[in-house]
Amino acid sequence: MKTILITGATSGIGLASARLLAKDGYRIIGIGRDAAKCETAKQSILSDAPSADIAYFTADQLQQREVNRVSAEIADFLDAECGGELFALVSNAGCVRSWYTTTEEGYEQQFALNHLSGFLLAYHMLPYLLRAKGRVLITGSESHKHMKIRWDDVMFQRGYHPLLAYKQSKLCNLLFAKALNDRYGWQGLHAYAVDPGLVKTEIGCKSTGGIVKFVWEHRKRHGVSPDVPAETYAYLCAAEPAPEELYYHLCKKQTYSAEVNWENAARLFHLSERLCGVRYDERMQKQ
Amino acid sequence: MNVLITGACGGLGRALAMECGKRNWRLFLTDINENGLHSIQRGLERSFGACVAAKTCDLTDEHSVDELLAAVDAQGICFDMLLNVAGLDCEGAFLTRKSSDLVRIVSLNNEATLRITHAILKRRKADKAFSLVFISSLASMYPMPLKATYAASKRFLLDLALALRLELKGQNVRVLAVCPGGMPTTPEALRGIEAQGFWGSATTNPLETVARRTIDGVLRGKSVYIPGGLNRALAFVGGLLPRRWVAAAIYNRWSRAQKHWLKNDAPADTFAA
(Lines give C-alpha, C1' and ligand atoms only; values in the text may rest on other atoms or scores of the structure.)
Protein backbone atom coordinates (compact mmCIF):
# COMPACT_ATOMS: atom_id res chain seq x y z
CA MET A 1 0.00 0.00 0.00
CA LYS A 2 1.39 3.39 -0.99
CA THR A 3 1.50 6.13 1.62
CA ILE A 4 0.64 9.78 1.03
CA LEU A 5 1.35 12.59 3.47
CA ILE A 6 -0.98 15.59 3.23
CA THR A 7 -0.63 18.90 5.10
CA GLY A 8 -3.55 21.16 5.86
CA ALA A 9 -5.63 18.00 5.71
CA THR A 10 -8.50 18.92 8.02
CA SER A 11 -10.40 21.20 5.68
CA GLY A 12 -10.63 22.58 2.17
CA ILE A 13 -8.46 21.16 -0.58
CA GLY A 14 -6.36 19.03 1.79
CA LEU A 15 -9.37 17.24 3.22
CA ALA A 16 -11.00 16.68 -0.17
CA SER A 17 -7.75 15.26 -1.55
CA ALA A 18 -7.29 13.03 1.51
CA ARG A 19 -10.81 11.69 1.05
CA LEU A 20 -10.37 10.98 -2.65
CA LEU A 21 -6.91 9.43 -2.26
CA ALA A 22 -8.12 7.27 0.64
CA LYS A 23 -10.92 5.99 -1.59
CA ASP A 24 -8.32 5.27 -4.28
CA GLY A 25 -6.60 2.92 -1.85
CA TYR A 26 -3.67 4.94 -0.56
CA ARG A 27 -2.69 5.02 3.09
CA ILE A 28 -3.19 8.61 4.24
CA ILE A 29 -1.19 10.53 6.80
CA GLY A 30 -2.70 13.92 7.49
CA ILE A 31 -1.29 16.89 9.37
CA GLY A 32 -3.61 19.42 10.97
CA ARG A 33 -3.23 22.14 13.55
CA ASP A 34 -6.09 21.20 15.81
CA ALA A 35 -6.44 17.73 17.36
CA ALA A 36 -10.24 17.86 17.47
CA LYS A 37 -10.45 18.89 13.81
CA CYS A 38 -8.04 16.08 12.90
CA GLU A 39 -10.32 13.57 14.58
CA THR A 40 -13.42 15.00 12.86
CA ALA A 41 -11.66 14.86 9.49
CA LYS A 42 -10.58 11.28 10.07
CA GLN A 43 -14.10 10.17 11.02
CA SER A 44 -15.54 12.00 8.04
CA ILE A 45 -13.19 10.20 5.64
CA LEU A 46 -13.84 6.85 7.32
CA SER A 47 -17.58 7.32 6.92
CA ASP A 48 -17.01 7.58 3.15
CA ALA A 49 -14.33 4.91 2.91
CA PRO A 50 -14.70 2.56 5.90
CA SER A 51 -11.67 0.44 4.99
CA ALA A 52 -9.36 3.42 4.61
CA ASP A 53 -6.05 3.49 6.44
CA ILE A 54 -5.69 6.96 7.96
CA ALA A 55 -3.51 8.53 10.62
CA TYR A 56 -3.49 12.18 11.65
CA PHE A 57 -0.68 14.08 13.31
CA THR A 58 -1.13 17.44 14.99
CA ALA A 59 1.27 20.34 14.41
CA ASP A 60 1.22 24.10 14.00
CA GLN A 61 3.35 24.26 10.91
CA LEU A 62 3.86 28.00 11.22
CA GLN A 63 6.51 27.19 13.83
CA GLN A 64 9.61 25.42 12.59
CA ARG A 65 10.14 23.52 15.82
CA GLU A 66 6.66 22.05 15.36
CA VAL A 67 7.52 20.95 11.81
CA ASN A 68 10.70 19.35 13.10
CA ARG A 69 8.85 17.57 15.89
CA VAL A 70 6.03 16.23 13.74
CA SER A 71 8.49 15.17 11.03
CA ALA A 72 10.35 13.00 13.54
CA GLU A 73 7.06 11.42 14.64
CA ILE A 74 6.03 10.77 11.05
CA ALA A 75 9.45 9.37 10.18
CA ASP A 76 9.07 6.85 13.01
CA PHE A 77 5.60 6.00 11.74
CA LEU A 78 6.88 5.53 8.17
CA ASP A 79 9.67 3.27 9.42
CA ALA A 80 7.32 1.20 11.56
CA GLU A 81 4.19 1.00 9.40
CA CYS A 82 5.03 1.92 5.83
CA GLY A 83 8.25 0.09 5.03
CA GLY A 84 10.25 3.30 5.26
CA GLU A 85 8.73 4.67 2.06
CA LEU A 86 6.60 7.71 1.32
CA PHE A 87 5.02 7.69 -2.11
CA ALA A 88 3.79 11.27 -2.13
CA LEU A 89 3.93 14.46 -0.12
CA VAL A 90 1.03 16.83 -0.72
CA SER A 91 2.30 20.13 0.62
CA ASN A 92 -0.92 22.03 0.85
CA ALA A 93 -1.10 23.94 4.14
CA GLY A 94 -1.36 27.64 3.46
CA CYS A 95 -2.70 30.87 4.77
CA VAL A 96 -3.59 34.43 3.89
CA ARG A 97 -2.81 37.33 6.19
CA SER A 98 -4.27 40.81 6.00
CA TRP A 99 -1.32 42.28 7.87
CA TYR A 100 2.36 41.71 8.26
CA THR A 101 2.56 39.11 11.01
CA THR A 102 5.51 36.98 11.94
CA THR A 103 6.25 33.49 13.21
CA GLU A 104 8.30 32.83 16.32
CA GLU A 105 11.40 33.11 14.14
CA GLY A 106 10.31 36.56 12.99
CA TYR A 107 9.47 35.27 9.49
CA GLU A 108 6.49 36.70 7.63
CA GLN A 109 3.67 34.19 8.08
CA GLN A 110 2.53 33.69 4.49
CA PHE A 111 6.10 33.06 3.35
CA ALA A 112 6.73 30.87 6.40
CA LEU A 113 3.66 28.67 6.07
CA ASN A 114 3.00 28.65 2.34
CA HIS A 115 6.62 28.03 1.41
CA LEU A 116 9.12 27.41 4.24
CA SER A 117 7.05 24.88 6.22
CA GLY A 118 6.65 22.71 3.11
CA PHE A 119 10.34 23.13 2.29
CA LEU A 120 11.34 21.96 5.77
CA LEU A 121 8.87 19.07 5.78
CA ALA A 122 10.10 17.90 2.37
CA TYR A 123 13.65 18.04 3.72
CA HIS A 124 12.73 15.64 6.51
CA MET A 125 10.77 13.37 4.16
CA LEU A 126 13.39 13.32 1.40
CA PRO A 127 14.93 9.90 2.08
CA TYR A 128 11.48 8.32 2.32
CA LEU A 129 10.37 9.97 -0.91
CA LEU A 130 13.51 8.96 -2.81
CA ARG A 131 13.22 5.37 -1.66
CA ALA A 132 9.71 5.25 -3.13
CA LYS A 133 10.76 7.24 -6.24
CA GLY A 134 7.92 9.38 -5.04
CA ARG A 135 6.17 12.59 -5.90
CA VAL A 136 5.81 15.99 -4.26
CA LEU A 137 2.62 17.93 -4.98
CA ILE A 138 2.55 21.53 -3.90
CA THR A 139 -0.57 23.65 -3.85
CA GLY A 140 0.38 26.59 -6.03
CA SER A 141 -1.82 29.11 -7.71
CA GLU A 142 -2.30 30.98 -10.94
CA SER A 143 -1.59 34.08 -8.85
CA HIS A 144 2.13 33.25 -9.02
CA LYS A 145 2.12 34.99 -12.38
CA HIS A 146 3.04 38.67 -12.84
CA MET A 147 5.18 38.51 -9.74
CA LYS A 148 8.88 38.52 -9.00
CA ILE A 149 10.61 37.41 -5.86
CA ARG A 150 11.65 40.42 -3.80
CA TRP A 151 15.14 39.14 -3.15
CA ASP A 152 16.12 42.13 -1.05
CA ASP A 153 13.00 41.88 1.13
CA VAL A 154 11.37 38.44 0.86
CA MET A 155 9.55 38.98 4.17
CA PHE A 156 7.86 42.18 2.96
CA GLN A 157 9.19 44.33 5.79
CA ARG A 158 8.84 47.27 3.41
CA GLY A 159 5.42 47.99 1.97
CA TYR A 160 3.59 44.83 2.98
CA HIS A 161 0.66 44.02 0.77
CA PRO A 162 -1.42 40.90 1.51
CA LEU A 163 -1.98 39.97 -2.12
CA LEU A 164 1.63 40.54 -3.21
CA ALA A 165 2.94 38.53 -0.25
CA TYR A 166 0.53 35.74 -1.21
CA LYS A 167 1.52 35.88 -4.87
CA GLN A 168 5.18 35.71 -3.97
CA SER A 169 4.60 32.72 -1.69
CA LYS A 170 2.85 30.92 -4.55
CA LEU A 171 5.70 31.75 -6.92
CA CYS A 172 7.95 30.19 -4.28
CA ASN A 173 5.85 27.01 -4.51
CA LEU A 174 6.57 26.69 -8.23
CA LEU A 175 10.24 27.52 -7.76
CA PHE A 176 10.55 24.90 -5.04
CA ALA A 177 8.88 22.25 -7.20
CA LYS A 178 11.28 23.15 -10.00
CA ALA A 179 14.29 23.00 -7.69
CA LEU A 180 13.27 19.56 -6.46
CA ASN A 181 13.04 18.32 -10.07
CA ASP A 182 16.37 19.91 -10.93
CA ARG A 183 18.11 18.36 -7.94
CA TYR A 184 16.40 15.00 -7.53
CA GLY A 185 14.66 14.26 -10.83
CA TRP A 186 17.51 11.96 -11.85
CA GLN A 187 16.82 9.90 -8.73
CA GLY A 188 13.21 9.36 -9.75
CA LEU A 189 11.56 12.11 -7.73
CA HIS A 190 8.83 14.15 -9.43
CA ALA A 191 7.61 17.46 -8.08
CA TYR A 192 4.54 19.37 -9.25
CA ALA A 193 2.71 22.56 -8.47
CA VAL A 194 -1.06 22.35 -8.69
CA ASP A 195 -3.26 25.30 -9.50
CA PRO A 196 -6.52 24.49 -7.70
CA GLY A 197 -8.34 27.38 -9.35
CA LEU A 198 -10.82 29.43 -7.34
CA VAL A 199 -12.12 27.10 -4.65
CA LYS A 200 -14.73 27.50 -1.94
CA THR A 201 -12.47 27.27 1.11
CA GLU A 202 -11.99 29.33 4.22
CA ILE A 203 -8.37 30.31 3.48
CA GLY A 204 -9.16 34.00 3.15
CA CYS A 205 -11.28 34.12 6.31
CA LYS A 206 -8.97 32.59 8.90
CA SER A 207 -7.16 35.20 10.99
CA THR A 208 -7.63 37.88 8.37
CA GLY A 209 -10.39 40.45 8.70
CA GLY A 210 -10.87 43.83 7.07
CA ILE A 211 -10.79 44.10 3.32
CA VAL A 212 -9.17 40.70 2.72
CA LYS A 213 -11.97 38.86 4.49
CA PHE A 214 -14.61 40.95 2.76
CA VAL A 215 -13.16 40.34 -0.70
CA TRP A 216 -12.64 36.63 -0.07
CA GLU A 217 -16.18 36.13 1.27
CA HIS A 218 -17.38 37.59 -1.99
CA ARG A 219 -14.97 35.73 -4.28
CA LYS A 220 -15.31 32.29 -2.79
CA ARG A 221 -19.00 32.21 -3.70
CA HIS A 222 -17.88 31.84 -7.31
CA GLY A 223 -15.44 29.09 -6.44
CA VAL A 224 -15.74 25.40 -7.17
CA SER A 225 -15.96 22.65 -4.56
CA PRO A 226 -12.60 21.42 -3.18
CA ASP A 227 -13.48 18.05 -4.76
CA VAL A 228 -12.61 19.53 -8.16
CA PRO A 229 -8.91 20.27 -7.49
CA ALA A 230 -8.70 17.01 -5.52
CA GLU A 231 -9.07 15.20 -8.87
CA THR A 232 -5.84 16.79 -10.06
CA TYR A 233 -3.94 15.59 -6.98
CA ALA A 234 -5.35 12.09 -7.50
CA TYR A 235 -4.34 12.22 -11.17
CA LEU A 236 -0.78 13.29 -10.39
CA CYS A 237 -0.45 10.50 -7.82
CA ALA A 238 -1.92 7.77 -10.00
CA ALA A 239 -0.64 8.54 -13.50
CA GLU A 240 1.99 6.09 -14.78
CA PRO A 241 4.54 6.90 -15.92
CA ALA A 242 4.74 10.01 -13.79
CA PRO A 243 3.73 13.16 -15.69
CA GLU A 244 6.75 15.22 -16.71
CA GLU A 245 5.47 18.79 -16.58
CA LEU A 246 5.75 21.14 -13.63
CA TYR A 247 2.41 22.87 -13.29
CA TYR A 248 -1.10 21.39 -13.53
CA HIS A 249 -4.68 22.58 -13.44
CA LEU A 250 -7.70 20.28 -13.86
CA CYS A 251 -5.38 17.33 -14.64
CA LYS A 252 -3.79 19.23 -17.53
CA LYS A 253 -0.41 20.87 -17.80
CA GLN A 254 -0.38 24.65 -17.74
CA THR A 255 2.06 27.32 -18.75
CA TYR A 256 3.80 29.13 -15.93
CA SER A 257 5.65 32.35 -15.33
CA ALA A 258 9.03 32.93 -16.93
CA GLU A 259 10.26 33.78 -13.44
CA VAL A 260 10.17 30.05 -12.74
CA ASN A 261 13.65 29.32 -14.02
CA TRP A 262 16.69 27.42 -12.90
CA GLU A 263 18.48 30.44 -11.51
CA ASN A 264 15.61 31.66 -9.31
CA ALA A 265 14.82 28.13 -8.18
CA ALA A 266 18.39 27.50 -7.03
CA ARG A 267 18.56 30.90 -5.35
CA LEU A 268 15.34 30.35 -3.42
CA PHE A 269 16.46 26.86 -2.50
CA HIS A 270 19.64 28.15 -0.89
CA LEU A 271 17.83 30.98 0.87
CA SER A 272 15.26 28.52 2.23
CA GLU A 273 17.98 26.18 3.43
CA ARG A 274 19.53 29.05 5.32
CA LEU A 275 16.22 30.23 6.82
CA CYS A 276 15.34 26.70 7.94
CA GLY A 277 18.86 25.94 9.15
CA VAL A 278 19.12 22.74 7.08
CA ARG A 279 21.16 21.37 4.18
CA TYR A 280 19.43 18.95 1.81
CA ASP A 281 22.75 17.37 0.87
CA GLU A 282 23.44 16.53 4.48
CA ARG A 283 19.99 15.02 4.89
CA MET A 284 20.92 12.23 2.53
CA GLN A 285 24.23 11.66 4.29
CA LYS A 286 22.43 11.30 7.64
CA GLN A 287 20.52 8.32 6.34
CA MET B 1 24.88 49.91 17.34
CA ASN B 2 24.13 47.71 20.36
CA VAL B 3 20.43 47.35 21.07
CA LEU B 4 18.61 45.81 24.02
CA ILE B 5 15.01 44.74 23.36
CA THR B 6 12.70 43.63 26.17
CA GLY B 7 9.64 41.57 25.33
CA ALA B 8 11.48 40.50 22.19
CA CYS B 9 9.29 37.44 21.48
CA GLY B 10 5.98 39.26 21.23
CA GLY B 11 4.60 40.46 17.92
CA LEU B 12 6.01 43.99 18.09
CA GLY B 13 9.22 42.83 19.78
CA ARG B 14 9.91 40.44 16.89
CA ALA B 15 9.09 43.06 14.29
CA LEU B 16 11.46 45.54 15.96
CA ALA B 17 14.14 42.86 16.25
CA MET B 18 13.82 42.06 12.52
CA GLU B 19 13.99 45.78 11.71
CA CYS B 20 17.21 46.13 13.72
CA GLY B 21 18.54 42.92 12.17
CA LYS B 22 17.90 44.37 8.74
CA ARG B 23 20.08 47.33 9.73
CA ASN B 24 22.88 44.95 10.75
CA TRP B 25 22.83 46.04 14.39
CA ARG B 26 24.01 43.88 17.28
CA LEU B 27 21.12 42.72 19.40
CA PHE B 28 20.60 41.59 22.96
CA LEU B 29 17.13 40.13 23.39
CA THR B 30 15.25 39.33 26.52
CA ASP B 31 11.84 37.87 27.22
CA ILE B 32 10.19 35.61 29.75
CA ASN B 33 9.48 33.02 27.03
CA GLU B 34 12.57 30.86 26.57
CA ASN B 35 11.44 28.88 23.51
CA GLY B 36 10.32 32.02 21.74
CA LEU B 37 13.61 33.71 22.52
CA HIS B 38 15.61 30.92 20.92
CA SER B 39 13.36 30.97 17.88
CA ILE B 40 13.70 34.70 17.21
CA GLN B 41 17.44 34.52 17.85
CA ARG B 42 17.74 31.75 15.26
CA GLY B 43 15.51 33.65 12.85
CA LEU B 44 17.69 36.77 13.09
CA GLU B 45 20.92 34.83 12.68
CA ARG B 46 19.59 32.99 9.65
CA SER B 47 17.99 36.00 8.01
CA PHE B 48 20.74 38.54 8.44
CA GLY B 49 23.72 36.68 9.88
CA ALA B 50 23.05 39.03 12.80
CA CYS B 51 25.06 39.04 16.00
CA VAL B 52 22.42 38.19 18.59
CA ALA B 53 22.64 37.45 22.29
CA ALA B 54 19.60 36.36 24.24
CA LYS B 55 18.76 35.71 27.84
CA THR B 56 15.44 34.92 29.47
CA CYS B 57 14.36 37.25 32.22
CA ASP B 58 11.27 37.92 34.28
CA LEU B 59 11.53 41.69 34.39
CA THR B 60 9.14 41.87 37.34
CA ASP B 61 11.57 39.84 39.42
CA GLU B 62 14.46 41.89 40.78
CA HIS B 63 16.68 38.84 41.13
CA SER B 64 16.06 37.82 37.54
CA VAL B 65 16.92 41.35 36.35
CA ASP B 66 20.15 41.26 38.39
CA GLU B 67 21.10 38.05 36.57
CA LEU B 68 20.38 39.70 33.24
CA LEU B 69 22.51 42.70 34.12
CA ALA B 70 25.29 40.45 35.39
CA ALA B 71 25.29 38.74 31.99
CA VAL B 72 25.42 42.13 30.25
CA ASP B 73 28.29 43.28 32.47
CA ALA B 74 30.17 40.00 32.09
CA GLN B 75 30.23 40.51 28.34
CA GLY B 76 31.13 44.18 28.79
CA ILE B 77 28.30 45.37 26.57
CA CYS B 78 27.46 49.08 26.46
CA PHE B 79 24.12 49.66 24.81
CA ASP B 80 23.31 52.49 22.43
CA MET B 81 19.60 51.81 22.33
CA LEU B 82 16.97 50.37 24.65
CA LEU B 83 13.58 49.33 23.32
CA ASN B 84 11.16 48.85 26.22
CA VAL B 85 8.59 46.59 24.57
CA ALA B 86 7.68 44.16 27.36
CA GLY B 87 4.16 44.84 28.51
CA LEU B 88 0.90 43.23 29.49
CA ASP B 89 -2.69 43.87 28.67
CA CYS B 90 -5.69 42.57 30.55
CA GLU B 91 -9.11 43.11 29.06
CA GLY B 92 -12.26 43.51 31.02
CA ALA B 93 -14.07 45.36 33.76
CA PHE B 94 -12.03 46.16 36.86
CA LEU B 95 -13.97 44.01 39.33
CA THR B 96 -14.14 40.98 37.02
CA ARG B 97 -10.35 40.70 37.14
CA LYS B 98 -8.22 39.24 39.90
CA SER B 99 -6.35 41.97 41.72
CA SER B 100 -3.08 40.08 41.24
CA ASP B 101 -3.56 40.25 37.44
CA LEU B 102 -4.18 43.98 37.60
CA VAL B 103 -1.20 44.59 39.84
CA ARG B 104 0.93 42.57 37.45
CA ILE B 105 0.13 45.01 34.66
CA VAL B 106 1.66 47.82 36.70
CA SER B 107 4.54 45.60 37.87
CA LEU B 108 5.58 44.85 34.32
CA ASN B 109 4.52 47.90 32.34
CA ASN B 110 5.82 50.42 34.87
CA GLU B 111 7.91 49.04 37.70
CA ALA B 112 9.93 46.64 35.58
CA THR B 113 10.37 49.22 32.81
CA LEU B 114 11.72 51.74 35.33
CA ARG B 115 14.13 49.22 36.77
CA ILE B 116 15.64 48.11 33.48
CA THR B 117 15.71 51.64 32.03
CA HIS B 118 17.54 53.01 35.04
CA ALA B 119 20.06 50.18 35.02
CA ILE B 120 20.78 50.44 31.30
CA LEU B 121 21.02 54.24 31.30
CA LYS B 122 23.52 54.03 34.17
CA ARG B 123 25.62 51.65 32.10
CA ARG B 124 25.73 53.73 28.93
CA LYS B 125 28.90 55.37 27.68
CA ALA B 126 28.67 58.99 28.79
CA ASP B 127 30.00 60.51 25.58
CA LYS B 128 27.91 58.44 23.17
CA ALA B 129 24.42 59.10 21.89
CA PHE B 130 21.76 56.89 23.41
CA SER B 131 18.25 56.14 22.16
CA LEU B 132 15.50 55.20 24.55
CA VAL B 133 12.09 53.97 23.40
CA PHE B 134 9.02 53.32 25.48
CA ILE B 135 6.18 51.41 23.88
CA SER B 136 3.19 53.24 25.28
CA SER B 137 -0.19 53.00 23.54
CA LEU B 138 -2.95 55.01 21.96
CA ALA B 139 -4.73 54.04 25.18
CA SER B 140 -2.39 56.43 27.00
CA MET B 141 -4.16 59.39 25.45
CA TYR B 142 -7.37 59.02 27.41
CA PRO B 143 -8.83 57.35 30.50
CA MET B 144 -10.20 54.08 29.19
CA PRO B 145 -13.06 52.38 31.01
CA LEU B 146 -12.77 48.57 30.76
CA LYS B 147 -9.03 48.92 30.15
CA ALA B 148 -8.55 51.26 33.07
CA THR B 149 -5.36 49.88 34.60
CA TYR B 150 -3.72 49.20 31.27
CA ALA B 151 -4.46 52.68 29.93
CA ALA B 152 -3.22 54.30 33.13
CA SER B 153 -0.02 52.23 33.02
CA LYS B 154 0.58 53.37 29.44
CA ARG B 155 -0.10 57.00 30.43
CA PHE B 156 2.65 56.59 32.98
CA LEU B 157 5.07 55.60 30.21
CA LEU B 158 4.04 58.49 27.98
CA ASP B 159 4.51 61.09 30.73
CA LEU B 160 7.74 59.45 31.85
CA ALA B 161 9.11 59.57 28.32
CA LEU B 162 8.21 63.22 27.80
CA ALA B 163 9.73 64.23 31.13
CA LEU B 164 12.90 62.15 30.80
CA ARG B 165 13.41 63.54 27.33
CA LEU B 166 13.93 67.01 28.78
CA GLU B 167 15.95 65.81 31.75
CA LEU B 168 18.35 63.87 29.55
CA LYS B 169 18.49 66.22 26.59
CA GLY B 170 21.83 67.68 27.62
CA GLN B 171 23.27 64.20 28.03
CA ASN B 172 22.85 63.11 24.44
CA VAL B 173 19.90 60.80 25.17
CA ARG B 174 16.94 60.76 22.79
CA VAL B 175 13.64 59.54 24.19
CA LEU B 176 10.64 58.44 22.18
CA ALA B 177 7.20 57.30 23.31
CA VAL B 178 5.37 55.15 20.77
CA CYS B 179 1.57 55.17 21.00
CA PRO B 180 0.18 52.59 18.58
CA GLY B 181 -3.43 51.54 18.29
CA GLY B 182 -4.26 47.86 17.96
CA MET B 183 -1.66 45.75 16.22
CA PRO B 184 -2.07 42.36 14.58
CA THR B 185 0.33 40.62 16.96
CA THR B 186 -1.50 37.50 18.14
CA PRO B 187 -4.57 35.52 17.10
CA GLU B 188 -6.34 37.07 20.13
CA ALA B 189 -5.36 40.55 19.03
CA LEU B 190 -6.64 39.78 15.53
CA ARG B 191 -9.97 38.66 16.96
CA GLY B 192 -10.09 41.84 19.06
CA ILE B 193 -9.53 43.96 15.95
CA GLU B 194 -12.25 42.06 14.14
CA ALA B 195 -14.70 42.43 17.03
CA GLN B 196 -14.43 46.21 16.78
CA GLY B 197 -15.47 46.10 13.14
CA PHE B 198 -14.65 49.14 11.03
CA TRP B 199 -12.98 51.11 13.83
CA GLY B 200 -10.89 48.08 14.73
CA SER B 201 -9.47 47.80 11.22
CA ALA B 202 -9.19 51.56 10.77
CA THR B 203 -7.15 52.12 13.94
CA THR B 204 -4.98 49.05 13.44
CA ASN B 205 -1.33 49.79 12.71
CA PRO B 206 0.81 47.60 10.49
CA LEU B 207 3.62 46.11 12.56
CA GLU B 208 6.38 46.48 10.00
CA THR B 209 5.63 50.19 9.56
CA VAL B 210 5.45 50.84 13.28
CA ALA B 211 8.75 49.02 13.75
CA ARG B 212 10.54 50.95 11.01
CA ARG B 213 9.20 54.37 11.97
CA THR B 214 9.90 53.77 15.64
CA ILE B 215 13.57 53.26 14.90
CA ASP B 216 13.71 56.11 12.37
CA GLY B 217 11.79 58.33 14.81
CA VAL B 218 14.04 57.87 17.80
CA LEU B 219 17.15 58.34 15.68
CA ARG B 220 15.73 61.64 14.45
CA GLY B 221 14.96 62.76 18.00
CA LYS B 222 11.18 62.55 17.74
CA SER B 223 9.33 62.75 21.08
CA VAL B 224 5.98 61.03 20.48
CA TYR B 225 5.09 58.74 17.61
CA ILE B 226 1.41 57.97 17.06
CA PRO B 227 1.20 55.61 14.09
CA GLY B 228 -1.59 56.18 11.59
CA GLY B 229 -3.31 59.38 10.47
CA LEU B 230 -6.66 58.42 11.97
CA ASN B 231 -5.07 57.63 15.33
CA ARG B 232 -3.26 60.98 15.29
CA ALA B 233 -6.55 62.73 14.56
CA LEU B 234 -8.29 60.81 17.36
CA ALA B 235 -5.51 61.70 19.77
CA PHE B 236 -5.69 65.36 18.73
CA VAL B 237 -9.46 65.60 19.08
CA GLY B 238 -9.30 63.65 22.34
CA GLY B 239 -6.85 66.23 23.61
CA LEU B 240 -9.26 69.09 22.93
CA LEU B 241 -12.27 67.60 24.68
CA PRO B 242 -12.77 67.28 28.44
CA ARG B 243 -11.33 63.94 29.55
CA ARG B 244 -14.66 62.96 31.15
CA TRP B 245 -16.40 63.17 27.78
CA VAL B 246 -13.77 61.15 26.03
CA ALA B 247 -13.95 58.48 28.71
CA ALA B 248 -17.73 58.27 28.32
CA ALA B 249 -17.48 57.90 24.53
CA ILE B 250 -14.86 55.19 24.86
CA TYR B 251 -16.91 53.35 27.43
CA ASN B 252 -19.80 53.34 25.04
CA ARG B 253 -17.81 51.89 22.18
CA TRP B 254 -15.85 49.34 24.19
CA SER B 255 -18.80 47.92 26.07
CA ARG B 256 -20.55 47.27 22.76
CA ALA B 257 -17.45 45.78 21.15
CA GLN B 258 -16.80 43.56 24.16
CA LYS B 259 -20.36 42.28 24.23
CA HIS B 260 -19.98 41.30 20.61
CA TRP B 261 -16.61 39.76 21.30
CA LEU B 262 -17.77 37.78 24.35
CA LYS B 263 -20.74 36.51 22.40
CA ASN B 264 -18.60 35.15 19.59
CA ASP B 265 -15.47 34.16 21.30
CA ALA B 266 -14.13 34.00 24.83
CA PRO B 267 -11.32 36.54 25.03
CA ALA B 268 -7.89 35.44 26.06
CA ASP B 269 -7.00 36.85 29.45
CA THR B 270 -3.78 38.52 28.57
CA PHE B 271 -1.68 39.31 25.61
CA ALA B 272 1.37 41.40 25.06
CA ALA B 273 0.59 44.81 23.71
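Contact here means heavy atoms within 4.5 Å. By that criterion, 26 residues of chain A and 24 residues of chain B take part in the contact between the two chains. The structure is a predicted model, in which local features need pLDDT of at least 70 and side-chain atom pairs count only at pLDDT 80 or more, while totals for chains, interfaces and linings use all residues. Residues are numbered from 1 along each chain as its sequence is written, chains are lettered from A in the order in which they are written, and side-chain values use heavy atoms, with hydrogens and water left out.

The size of an interface is often given as the accessible area lost when the parts come together. Between chain A and chain B the buried area (accessible area, 1.4 Å probe, that two parts lose on being put together, summed over both) is about 2200 Å², and carbon and sulfur atoms give 49% of it. On the side of chain A, the residues that lose the most area to chain B are A:W99, A:Q157 and A:R158, together 30% of what that side buries.

The term denotes a side-chain nitrogen of Lys or Arg within 4 Å of a carboxyl oxygen of Asp or Glu. One within chain A joins the side chains of A:R27 and A:D53 (3.1 Å, N to O). A:R27 lies in strand 2 and A:D53 in the loop between helix 2 and strand 3 of chain A, so the pair ties together parts that are 26 residues apart in sequence. Helices (H or I, at least four residues) and strands (E, at least two) are DSSP runs, numbered from the N terminus.

Within chain A, helix 5 (residues 162-184) packs against helix 8 at an angle of about 95 degrees, with the axes 8 Å apart. The axes are lines fitted to C-alpha atoms over the stretch in contact, and angles run from 0 to 180 degrees between N-to-C directions. The two helices are therefore roughly perpendicular to each other, a term for angles of 65 to 115 degrees. Among the residues making this contact are A:F176 and A:D182 of helix 5 and A:L268 and A:E273 of helix 8.

Two backbone features remain. Most residues other than glycine have a negative phi, and most peptide bonds are trans. A:F156, in the loop between strand 5 and helix 5 of chain A, has a positive phi of about 60 degrees although it is not a glycine. The peptide bond from A:E240 to A:P241 is cis, with omega near -5 degrees, and A:P241 lies in the loop between helix 7 and strand 7 of chain A.

Key. Angles under 35 degrees count as roughly parallel, over 145 as roughly antiparallel, 65 to 115 as roughly perpendicular and the rest as oblique.
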